[in-house]
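Welcome to this tour! Open your viewer, and let's walk through the structure one selection at a time.

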Amino acid sequence: MGADARSSIAATFRESSGKAVATLVRVLGSIDAAEEAVQDAFVRALETWERDGIPASPAAWIVTTAKNRAIDVVRRESTRDQRHQGRARMVGDDGTTPDPASAVAERLDEPVEDDQLRLIFTCCHPALGMEARVALTLRLIAGLETRDIARAFLVPETTMAQRLTRAKRKIAAANIPYRVPEREDLPPRLASALAVLYLVFNEGYAGTTDATRPDLAAEAIRLTRALHALLPEPEVAGLLALMLLTESRRPARFTPDGSIVLLADQDRTQWDAGLADEGRRLVLECVRRGQPGQYQVQAAIAAVHADAVRFEDTDWPQIVTLYDQLFALTPTAVVELNRAVAVAEVRGPAAALGIVDGLPLERYHLWHATRGELLSRLGRSADARVAFATAAELTDNPAERDLLLGRAAT
Amino acid sequence: MTEYLFSVHHDYSKPLFDPSFDVDAMMRDTAAFNERAQKAGIYVFAGGLEAPDTATTVTVREGETLTTDGPFAEARERIGGFWVLKLPDLDTALDWAAEASAACRGPVEVRPFQGV
């Protein structure tokens, strides 16, 4: 089989593995066993498809093969001996642990949508550290290889493998349940899941060390879209809209040689109108529902930018108002910094600098970059150069650093 | 069902409670918590411990028994008391831990026992 066929099988596998893992965790009561069954199915796919060609519905083929594999495993274990009965198994909705083989086939046919939600809420459980949540989400739900996750977060593969192993062990040992939270517990649990997805997206949009990782951004959008289809809460719609509107600018964000193009200078005809329209529609839906949240307001800000045909057409007073609303929801210094950028367009750079200088963000490269821009507009070139140079020192993203060093040298 | 150790940690390098602290209210709330846990059928065992300087550490190495006055290792934070509760899953355990923390006025560490 050629490399192309293999990579197309791998892509298909990634898209369907999350669904298969989600169902098998419920049936087998163990994340490791579920991963193993899905991995086996992938190996069988490579063999079978090489001989018979890729089936009409490859995703369904993988899920079915993994399920059959799981039934085999359960049958073998229950006939071998009773030793496994005492083994820790994940608890389901009804507070019971999964049945032995007889009932497994039946349970496999329950709707998979709930399984996907269960998997998302388990991977994003607040009893797990943020790093563990992100790693589990990318491994189990997005189906990424451990080495790719390790590369994205700049840690050795063994470190990432240990992080995943430890997280899975904690889920099993501490008995983190495999279920969708009850209504009253849902808001904080959903917030935790959305934070994980947004972190993955941001790492994909502007990486800590890579200029950009389109694959991670695409995975984050795919997962958020899936979550939105399953659980159309306003903040889920808001986060999806924010991602789509932000992603729509990707084609204009870099020159062919990889340099960053700032928002003011981007060729807006290159923006992806399809993504932007989808994002805008979601924002309007959110506005109608009238339950604002931080992601919805950020999406609304992105929509105001998307509405401006030229940078000069941007409705800055509207953006300042939205930032006021965002600050009321999440009063952080970073929100104040972003608000100050909009204030500069409405009330001028001096007013904005007054706000920026009061913020405790000396370790944040964009604080220095914003100061540099405002100082430069005020004609204080020497101070601006120092600010840009400091900003460049504080970022590891190569494209950002080049841009900042360039401005420090002018 | 999983058994969880709920342990309460104190910093023994400082006075346990400042003079204005209402010890009686804390004792009352903790007793009430114990009663709720017993009524719910999740209570396995609980207790408060004497100060760490009452501890004795015993080590057997190559057949020799070494007895040392004091706790195993130097640390400011030590367990002051604990519960063992039997609960269906971690979410339930975390709900009970929130109640336990409010009752005993301290952070509660939730840790699962190994399965048998």
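A handy idea before we start: a residue counts as buried if 20 or more other C-beta atoms lie within 10 Å of its own, exposed if 12 or fewer do, and partly exposed in between. Keep in mind, too, that this is a predicted model.

**Stop 1: Asp272 of chain A.** Select Asp272(A), in the loop between helix 11 and helix 12 (273–289) of chain A. Is Asp272(A) buried, exposed or partly exposed? There are 17 other C-beta atoms within 10 Å, so Asp272(A) is partly exposed. Setting aside neighbours within four places in sequence, Asp272(A) is in contact with Ser248(A) and Pro251(A).

**Stop 2: all of chain A.** Zoom out and show chain A as a cartoon. The secondary structure comes to 19 helices and 0 strands. Chain A has 410 residues, and buried residues make up 41% of them.

**Stop 3: a pair of helices.** Select residues 214–230 of chain A, which form helix 10, and residues 234–247, which form helix 11. Their axes are 9 Å apart and meet at an angle of about 150 degrees. Because of that angle, helix 10 of chain A is roughly antiparallel to helix 11 of chain A. The crossing of these two helices is left-handed.

Next, show side chains where they touch. From helix 10 of chain A, the residues include Ala217(A), Ile221(A) and Leu227(A); from helix 11 of chain A, they include Val236(A), Leu240(A) and Met243(A). By class, this contact has 10 nonpolar, 2 polar and 2 charged residues.

Stay with helix 11 of chain A for a moment. How many of its 14 residues are buried? The count is 13, so helix 11 of chain A is largely enclosed by the rest of the structure. At 1.5 Å a residue, this helix should span 20 Å, and its end C-alpha atoms are 20 Å apart, which agrees.

**Stop 4: two loops in chain B.** Select Glu62(B), in the loop between strand 3 (56–61) and strand 4 (64–69) of chain B. Its phi is near 50 degrees, a positive value in a residue other than glycine. Glu62(B) counts as exposed because it has 4 C-beta neighbours inside 10 Å.

Finish at Arg105(B), in the loop between helix 2 (90–104) and strand 6 (108–112) of chain B. Arg105(B) is not a glycine, yet has a positive phi of about 60 degrees. With 15 other C-beta atoms within 10 Å, Arg105(B) is partly exposed.

Notes: Residues are numbered from 1 along each chain as its sequence is written. Chains are lettered from A and ligands numbered from 1 in the order in which they are written. This is a predicted model: local features need pLDDT of at least 70, side-chain atom pairs count only at pLDDT 80 or more; totals for chains, interfaces and linings use all residues. Axes are lines fitted to C-alpha atoms, for helices over the stretch in contact, and angles run from 0 to 180 degrees between N-to-C directions. Helices (H or I, at least four residues) and strands (E, at least two) are DSSP runs, numbered from the N terminus. Angles under 35 degrees count as roughly parallel, over 145 as roughly antiparallel, 65 to 115 as roughly perpendicular and the rest as oblique. A crossing is left-handed if the near helix is turned anticlockwise from the far one by less than a right angle, and right-handed if clockwise. Two residues are in contact if their C-beta atoms, placed from the backbone, lie within 7 Å. Ala, Val, Leu, Ile, Met, Phe, Trp, Tyr, Cys and Pro count as nonpolar, Asp, Glu, Lys and Arg as charged, and the others, Gly among them, as polar. The expected span of a helix is 1.5 Å times one less than its number of residues.
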